[in-house]
Amino acid sequence: MFEISQIRCFVAVAEELHFSRAAERLNMTQPPLSRQIRLLEHQVGTPLLDRSSRSVRLTAAGRSFFPEAVRILRLAEEATYTARRIARGETGTLSIGFTAASGYGLLPRLVRLVRQHSPGVSLTLKELVSRNQLDALASGQLDLGLLRPHAGHTELDTVPLAREGLVLAIPEREAAGWPERPVAADLDGKPFLMYTPYEAQYFHRLLQIIFDRANVAPEIVEHVAQIHTMLALVHLGIGVALIPETATRLHFEGVVMRRIETDPARPVETVCAYRKNNDNPILGLIRTRILPEFADR
């Protein structure tokens, strides 16, 4: 099979129709140029150039081969350029998982920074609960996850991104009966929408710790996995709920949001996780340039 260097030599001679000028253009001497052309013709199996002491012209086979040779060079150059851009994290694809809550604040910010640093990158965004993100990261379906803290996944690296407080979501028609600055003790014995212990394990455990510390026991009326579903039930008057502060951006009609005082004050954590052996260059860009910008704010 012929080599790219042989194609490059042939194209130069075909365009110049002069070995000396072609050699000068390629920054080489004429003997090795002639040798490359002969090797190419041997590989193709027919003469491509008709040489004489006074002129050089393309044979019929050479005229047919020339446009394809030009196309091969262009494809080789484009492939090289694309490979270098991918290696620098300037193009390629990145799959990002995110929880519903992180989709209201952290995800848009991350997407904006990726677009600023590498506008040629194609992003695939998947909303998944934290547990499903962990499975997708382990299987390689996700490059990056915005999720809640997790344990026991030694194949992953984790970077803290943000901490936030909790907000009490109250049916609007019941808002007058609740304090303007509620505390955990105000939830004792009240109808409450709790997170499921499996799909929303992080929030389930977090609220259990808060309730235990405050020595309160809300009346659990439903277990829910997703925040938007929880707010819909609050709107119906089924009970109240505790949601992360960023979820207030939903502006759910018929629901009043009030910041609740807890210990600690900002108990909800969001982290970024990725496989340690993931060699996606875009992920390297995020680790070295974008995640530090999150830490700075």
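## P67 in helix α4

P67 is partly exposed, with a relative accessible area of 43%. The model is a predicted one. P67 sits in helix α4, which covers residues 60–87.

T59 lies in the loop between β2 (56–58) and α4. Is T59 buried or exposed? T59 is buried, with a relative accessible area of 17%.

Which residues does T59 touch, neighbours within four places in sequence left aside? The contacts are P47, L48, L49 and D50. T46 is 13 residues from T59 in sequence. From C-alpha to C-alpha, T59 and T46 are 9.4 Å apart.

## Helices α1 and α3

Helix α1 spans residues 4–16, and helix α3 spans residues 30–44. They pack at an angle of about 110°, with 9 Å between their axes. The range from 65 to 115 degrees counts as roughly perpendicular, so α1 and α3 are roughly perpendicular to each other.

On the α1 side, the contact uses S5, Q6, I7, C9, F10 and V13. On the α3 side, L33, Q36, I37, L39 and L40 meet them.

## Positive phi in two loops

L17 is not a glycine, yet its phi is positive, at about 50°. L17 lies in the loop between α1 and α2 (19–25). Its relative accessible area is 38%, so L17 is partly exposed.

N27 is another residue other than glycine with a positive phi, near 60°. N27 is placed in the loop between α2 and α3. How exposed is N27? Its relative accessible area is 73%. The cut-off for exposed is over 50%, so N27 counts as exposed.

## The β10-β7-β11 sheet

An open sheet is formed by 3 strands, in the order β10-β7-β11. The pairing is antiparallel. Which strands are at the edges? They are β10 (241–244) and β11 (255–259), each pairing on one side only. From one strand to the next, the twist averages 35°.

Strand β7 covers residues 166–171. It is joined to β10 by 4 bridges, and the two strands run antiparallel. L166 stands opposite P244 in β10. Helix α8 (residues 227–235) lies across β7, β10 and β11. The helix runs at about 145° to β10.

The largest nonpolar core has 34 residues. Which of them have the most contacts inside the core? They are L187, L207, F211 and L242. At least two residues of this core come from each of β7, β8 (191–195), α7 (201–214), α8 and β10. Helix α7 gives the largest share, 6 residues.

L207 reaches several parts of the chain. With neighbours within four places in sequence left aside, L207 is in contact with L166, F192, M194, Y195 and L242. A second, separate core has 22 residues. L106, L110, V114 and V121 are among them.

## Strand β12

Strand β12 runs over residues 268–275. Why is β12 described as largely enclosed by the rest of the structure? 7 of its 8 residues are buried, so the strand is largely enclosed.

Strand β6 (residues 156–164) pairs with β12 in the antiparallel sense, over 8 bridges. Within that pairing, E164 has V268 as its bridge partner in β12. Strand β5 (residues 144–147) is joined to β12 by 3 bridges. β5 and β12 also run antiparallel. Here G145 has A273 in β12 as its bridge partner.

Conventions
Residues are numbered from 1 along each chain as its sequence is written. This is a predicted model: local features need pLDDT of at least 70, side-chain atom pairs count only at pLDDT 80 or more; totals for chains, interfaces and linings use all residues. Side-chain values use heavy atoms; hydrogens and water are left out. Two strands pair if DSSP finds at least two bridges between them. Axes are lines fitted to C-alpha atoms, for helices over the stretch in contact, and angles run from 0 to 180 degrees between N-to-C directions. Contact means heavy atoms within 4.5 Å. Buried means under 20% relative accessible area, exposed over 50%, partly exposed in between (1.4 Å probe, protein chains only). Angles under 35 degrees count as roughly parallel, over 145 as roughly antiparallel, 65 to 115 as roughly perpendicular and the rest as oblique. A nonpolar core is a set of buried Ala, Val, Leu, Ile, Met, Phe, Trp, Tyr and Cys residues joined through side-chain atoms within 4.5 Å.
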